[in-house]
Each structure stands twice: as C-alpha cells, then as structure tokens.
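The points are grouped by topic.

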Amino acid sequence: MSTVGLIMGSDSDWPTMKAAAEVLDEFEVSYEVEVVSAHRTPIKMIDYGRAAADRGLKVIIAGAGGAAALPGMIASVTPLPVIGVPVPLKHLDGMDSLLSIVQMPAGVPVATVSIGNARNAGLLAVRILAAADRPLLDRMSAYQADLEQLVAEKDAALRASLT
Ligand SMILES: Nc1c(C(=O)O)ncn1[C@@H]1O[C@H](COP(=O)(O)O)[C@@H](O)[C@H]1O
C-alpha cells in the first residue's frame with residue numbers, strides 16, 4: 001500500500017511532476033502515480049478521491065496545468081491533505097494554473113506550491129508524514145542541515161572568487 005498518491009491531469013505533466021517522485025524516493029516514502037483528470041475523467045477522479053483514505057493513502061499531491069480543477073476537486077472528495085502543483089504550460093506561464101489551484105473557497109484547503117515546484121510538493125508531503133513519524137522527522141532535519149551546509153559552501157566559494 002502506498003502512502004502518497006501522486007496524481008496529475010495528463011501524462012504530459014510528468015516531466016514537471018517527477019521531481020516530487022524523486023523526493024519521495026530520496027526519503028523512501030512509498031507512492032503511487034496515476035493520471036486522473038477532473039475535466040476528462042470526472043468519475044475516475046471522484047472514485048479516486050473517495051477511496052484514497054480507505055486505501056491507506058495519507059497525502060495526495062495533485063499537479064495540473066491550465067484550468068487546473070484537479071487539486072481542488074480531489075480535496076473536495078477526500079479528508080486527506082492535498083498539495084497542489086501548478087504545472088506551467090506554453091501559454092500564460094503557469095499563472096492560469098496557479099490561480100486556479102490557490103484560490104480555493106474557504107472550507108476546502110489545497111496547499112499550493114510555486115509554479116512548477118513539484119520538488120517542494122514532495123518535501124511538504126514528507127513533512128506532513130514526518131509530524132507523526134520520528135525517524136522521518138530526523139531525516140528531514142538532516143536534509144535541512146545538508147541544505148544549510150550547501151549554502152554555506154556556495155557562499156564561501158562565491159566570496160573566495162571575489163578576492
Ligand atoms: N488541468 C487539467 C485537468 C483537470 O484539472 O482536471 N485535466 C487535465 N488538465 C491539464 O491539461 C493540460 C494539457 O493536457 P494534455 O497535454 O494532455 O493536452 C495538462 O497540464 C493537464 O494537467
């Protein structure tokens with residue numbers, strides 16, 4: 001049984017969404033990947049959302065481009081936390097998707113990451129799971145320490161190049 005449901009409106013979203021899968025691999029969090037569309041496969045979308053918690057999923061990451069109804073619609077049929085990823089398309093640079101996902105009506109939250117930032121969606125999913133999982137929380141702390149170290153090294157290299 002997978003812990004995270006990684007869904008997207010089209011297979012064409014995968015080049016963006018795979019960054020979330022890479023994070024989940026890094027943290028050894030199990031996930032499933034599926035194309036589910038509110039617009040094109042509405043019955044499948046409702047069935048997926050309604051069954052998600054009973055199937056054992058804990059978090060859903062939903063990516064979509066353009067008129068991105070999927071994250072909000074999934075959030076409306078599941079009590080699980082939903083993280084939305086605005087996928088940029090060739091027109092409007094993802095602003096359409098961002099606004100579609102972020103402007104949810106009160107009562108139906110979607111945690112929206114920045115345009116195209118599926119990596120942050122993966123990291124946020126790990127943090128949500130880590131709140132009730134001490135070993136995973138420790139791994140997230142170690143990841144943050146590594147990030148800090150990396151920035152310090154780049155800062156030192158930049159300043160060295162100026163002297
Ligand atoms: N925004 C949605 C939804 C939805 O929100 O239900 N279903 C598909 N799409 C988006 O349509 C874009 C173009 O899809 P195609 O490349 O298949 O034409 C994709 O970014 C997809 O997420």
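Leu-92 counts as partly exposed because 13 C-beta neighbours lie inside 10 Å; a residue is buried if 20 or more other C-beta atoms lie within 10 Å of its own, exposed if 12 or fewer, and partly exposed in between, with C-beta atoms placed from the backbone. The model is predicted: local features need pLDDT of at least 70, side-chain atom pairs count only at pLDDT 80 or more, and totals for chains, interfaces and linings use all residues. Residues are numbered from 1 along each chain as its sequence is written.

**The loop between strand 4 and helix 4**

- Leu-92 lies in the loop between strand 4 (82-87) and helix 4 (95-102); helices (H or I, at least four residues) and strands (E, at least two) are DSSP runs, numbered from the N terminus.
- Between Leu-92 and Ser-12 there are 17 Å in space, C-alpha to C-alpha, and the two are 80 residues apart in sequence.
- Asp-93 is found in the loop between strand 4 and helix 4, and it is partly exposed, with 13 other C-beta atoms within 10 Å.
- Asp-93 is not a glycine, yet it has a positive phi of about 55°.
- Most residues other than glycine have a negative phi.

**The loop between helix 1 and strand 2**

- Glu-28 also has a positive phi of about 55° although it is not a glycine.
- The place of Glu-28 is the loop between helix 1 and strand 2 (31-35), and this residue is exposed, with 9 other C-beta atoms within 10 Å.
- Phe-27 is found in the loop between helix 1 and strand 2 and counts as partly exposed because it has 17 C-beta neighbours inside 10 Å.
- Leaving aside neighbours within four places in sequence, Phe-27 is in contact with Val-126, Leu-136 and Arg-139; two residues are in contact if their C-beta atoms, placed from the backbone, lie within 7 Å.
- Phe-27 and Arg-139 are 112 residues apart in sequence, and their C-alpha atoms are 7.6 Å apart in space.

**Ligand shell**

- The ligand is surrounded by 18 residues, and the closest are Gly-9, Ser-10, Ser-12, Ala-38 and Gly-65; a residue is near a molecule or strand if its C-beta atom, placed from the backbone, lies within 6 Å of it.
- The shell around the ligand consists of nine nonpolar, seven polar and two charged residues; Ala, Val, Leu, Ile, Met, Phe, Trp, Tyr, Cys and Pro count as nonpolar, Asp, Glu, Lys and Arg as charged, and the others, Gly among them, as polar.

**UniProt binding-site positions**

- Under "binding site", the unreviewed UniProt entry lists Ser-10, Asp-13 and Arg-40; UniProt positions are given in the numbering used here, feature names are shortened, and annotations may be inferred rather than shown by experiment.
- These residues are spread over 31 residues of sequence but cluster in space, with a largest C-alpha distance of 14.5 Å.
- Ser-10 lies in the loop between strand 1 (4-8) and helix 1 (14-26), and it is partly exposed, with 18 other C-beta atoms within 10 Å.
- Beyond its neighbours within four places in sequence, Ser-10 is in contact with Val-35 and Ser-37.
- Asp-13 lies in the loop between strand 1 and helix 1 and is buried, with 23 other C-beta atoms within 10 Å.
- Not counting residues up to four places away in sequence, Asp-13 touches Met-8, Gly-63, Ala-64, Gly-65 and Val-87.

**Domains and annotated region**

- The domain assignment gives domain 1 (4-132) and domain 2 (134-162); the bounds come from an automatic or database domain assignment.
- The centres of domain 1 and domain 2, taken over C-alpha atoms, are separated by 28 Å.
- Five residues from domain 1 and four residues from domain 2 make up the contact.
- On the side of domain 1 that touches domain 2, there are four nonpolar, no polar and one charged residues.
- The UniProt annotation "domain: PurE", from an unreviewed entry, covers residues 2-151.
- Residues 2-151 are 47% helix and 17% strand, and the end C-alpha atoms are 33 Å apart.

**Helix 6**

- Helix 6 (residues 134-161) has 28 residues and reaches 41 Å from its first C-alpha to its last, close to the 40 Å expected at 1.5 Å a residue; the expected span is 1.5 Å times one less than the number of residues.
- Helix 6 is hardly covered, and the count of buried residues among its 28 residues is zero.
- Arg-159 is in helix 6 and counts as exposed because it has 9 C-beta neighbours inside 10 Å.
- Arg-159 and Arg-119 are 40 residues apart along the chain, and their C-alpha atoms are separated by 29 Å.
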